[in-house]
Amino acid sequence: MSLNYKADIVFRNVSFIHSGRANSIAVKDSKIYLVGTDAQTRDVTGSDTKTVDCQDMVMIPGFHDAHLHILRLSANLTKLYCGPERACTITRIKELLELEARKIPQGGWVKAWGYDHELLLEKRHPNRGDLDRAVPNHPVRLDHVSGHATVMNTMAMRKLGFSEYSVDPPKGVIDREEESGFPSGLFLDMGEYIGKSMIPYRDQSELQEGIILANQLLISRGITAVQDAGIGNDLERWNLFKRLKTLGLLDPQVTMMVGYDYCEEFRHTPIATNPLRTGLYVGPAKIMLSLTTGSLVPGQKSLTDAIVSLQSNGWQVAIHAVEQEAIECAAKAICSASKIKSGARHRIEHCSEGDPTVISLVDKSGAIVVTNPGFVWHFGDKYRKTLGSNIVSNIYPTGSLENRGIPWAIGSDSPMIMPDPILDIYTCVTRFSKSGNPVGKEQTISGSQGLKAYTYGAAYSCFQERELGSLERGKFADLVLLSRDPTGLGYYLPADINVKMTVIRGKVVYEN
Ligand SMILES: [Zn+2]
């Protein structure tokens with residue numbers, strides 16, 4: 001008699017948030033086989049079936065971070081951290097860099113990250129003079145927490161070929177010293193360019209060490225799928241992700257967006273990967289719509305043309321838009337493009353300043369929004385100090401998106417903040433900043449709505465809702481076991497909820 005109808009693994013004594021009397025889930029061939037009562041899953045339990053007693057803890061679909069930057073996160077995890085918890089002044093950053101340089105042989109790179117100029121006492125970015133004084137004999141690279149600015153010392157700039165003759169790239173800015181015209185050391189929106197120039201200086205073991213740390217962080221937070229939003233994602237990146245997946249260094253499913261400049265090369269090179277097997281997918285084309293140079297780049301017409309052309313080649317498009325002006329431009333472009341082709345699910349990433357007129361435009365455009373409510377907790381105090389009250393009440397507008405019925409998802413935008421879905425959902429519910437100040441209370445939503453955005457919403461945002469995002473037969477067995485129900489947040493602190501187990505494609509990858 002064939003036993004092939006038996007499950008590979010059965011989780012018993014499970015609490016589900018909404019599944020009637022069901023308290024058990026069976027998994028077979030990396031998919032959910034049955035959600036039912038213990039009696040029902042007993043029928044598919046054979047002698048080879050592994051059973052796990054979940055002790056009435058809560059099981060939900062795996063968290064799906066719809067927008068982050070894995071390679072930057074992994075690189076940062078191996079760099080010196082200079083964020084506000086460790087350095088509130090440029091003087092302190094210099095001390096940290098100097099101490100770090102002592103550990104590195106002369107000429108080796110000192111790599112640091114995490115400063116936020118708005119939170120420094122001096123209220124400015126450090127410059128090459130600051131870094132030269134602290135570390136004269138090593139090249140130094142110090143990244144802003146946002147990833148949108150980098151500071152280097154003179155030795156680092158020379159190594160990468162920067163001089164007074166360097167020309168600003170189209171979307172970035174080389175800040176310059178007034179008199180000499182020499183780069184001041186501060187580079188805006190040039191992270192991808194600088195990153196690529198540094199490839200000869202990067203060593204593989206460092207990359208691997210960072211990826212292992214990032215992977216551990218993701219699975220320990222219950223994240224089973226991620227979407228990588230790198231604007232520099234090209235074929236080489238794709239091959240790197242493929243290698244990392246093959247080596248088993250990255251457990252979560254990865255959907256890699258493709259940088260706008262590289263979409264053509266993807267069209268001309270067949271991508272031989274079976275995503276259902278490898279867990280690696282090609283995601284949307286990513287376009288940066290930025291105000292760094294003082295005006296919107298690209299402009300309205302170029303953006304619309306780009307989306308129309310990309311969608312005619314089958315691309316879904318994800319547009320980085322933070323400021324009100326940028327979001328409006330993105331929404332108008334998506335609206336025009338949708339008249340030519342519907343169902344493309346074009347996305348607006350961040351949608352930070354979402355006042356009601358902007359959100360109504362977004363609604364009309366048919367766009368999906370991937371926003372970052374976690375920023376409210378991390379940066380809310382700064383927003384209250386530096387932004388007008390109208391902007392603050394509509395920042396990361398989870399409530400408005402929900403009320404309008406706009407499809408939306410949550411991304412951590414890590415390494416802007418560390419990935420932490422439970423804390424992000426808590427922030428959706430409470431709209432508290434780190435120090436307990438309310439930030440845009442009007443945007444409060446329920447824990448269930450936050451959880452849906454972190455699971456089903458994220459799957460929908462990349463056309464994966466048939467495979468992921470809920471606990472249903474036939475979907476991938478990407479599951480998280482939590483010590484408590486995260487939708488009841490608001491009554492207790494997120495620190496009270498622990499990720500007990502993370503399961504990806506039916507395999508237990510993390511246990512605590
Ligand atoms: Zn991002």
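Two strands are said to pair if DSSP finds at least two bridges between them. The legends below describe close-up views of a predicted model.

**View 1. Strands E15 and E16 run side by side in the parallel sense.** Val258 stands opposite Ala285 in E16. Five bridges join strand E15 (residues 253–259) to strand E16 (residues 280–288).

**View 2. Eight strands form an open sheet with parallel pairing.** The strand order is E7-E14-E15-E16-E17-E18-E19-E20. Strand E7 (63–68) and strand E20 (408–410) stand at the edges with a single partner strand each, so one side of each has no neighbour in the sheet. From one strand to the next, the twist averages 25°. Helix H12 (residues 324–340) packs on the sheet, where H12 touches strand E17 (317–321) and strand E18 (347–350). The direction of H12 makes about 160° with that of E17.

**View 3. Strands E12 and E13 form a hairpin.** Strand E12 (residues 173–176) pairs with strand E13 (residues 183–188) in the antiparallel sense, over three bridges. Ile174 has Phe187 in E13 as its bridge partner. Six residues lie between the two strands, and Gly181 in the turn has a positive phi of about 75°.

**View 4. Helix H2 packs against helix H7.** The axes of H2 (residues 70–77) and H7 (residues 204–220) lie 7 Å apart, at an angle of about 105°. Angles of 65 to 115 degrees count as roughly perpendicular, and H2 and H7 are therefore roughly perpendicular to each other. Ile70, Leu73, Ser74, Ala75 and Leu77 in H2 meet Gly210, Ile211, Leu213 and Ala214 in H7. By class, this contact has seven nonpolar, two polar and no charged residues.

Note on methods. Residues are numbered from 1 along each chain as its sequence is written. This is a predicted model: local features need pLDDT of at least 70, side-chain atom pairs count only at pLDDT 80 or more; totals for chains, interfaces and linings use all residues. Axes are lines fitted to C-alpha atoms, for helices over the stretch in contact, and angles run from 0 to 180 degrees between N-to-C directions. Helices (H or I, at least four residues) and strands (E, at least two) are DSSP runs, numbered from the N terminus. Angles under 35 degrees count as roughly parallel, over 145 as roughly antiparallel, 65 to 115 as roughly perpendicular and the rest as oblique. Two residues are in contact if their C-beta atoms, placed from the backbone, lie within 7 Å. Ala, Val, Leu, Ile, Met, Phe, Trp, Tyr, Cys and Pro count as nonpolar, Asp, Glu, Lys and Arg as charged, and the others, Gly among them, as polar.
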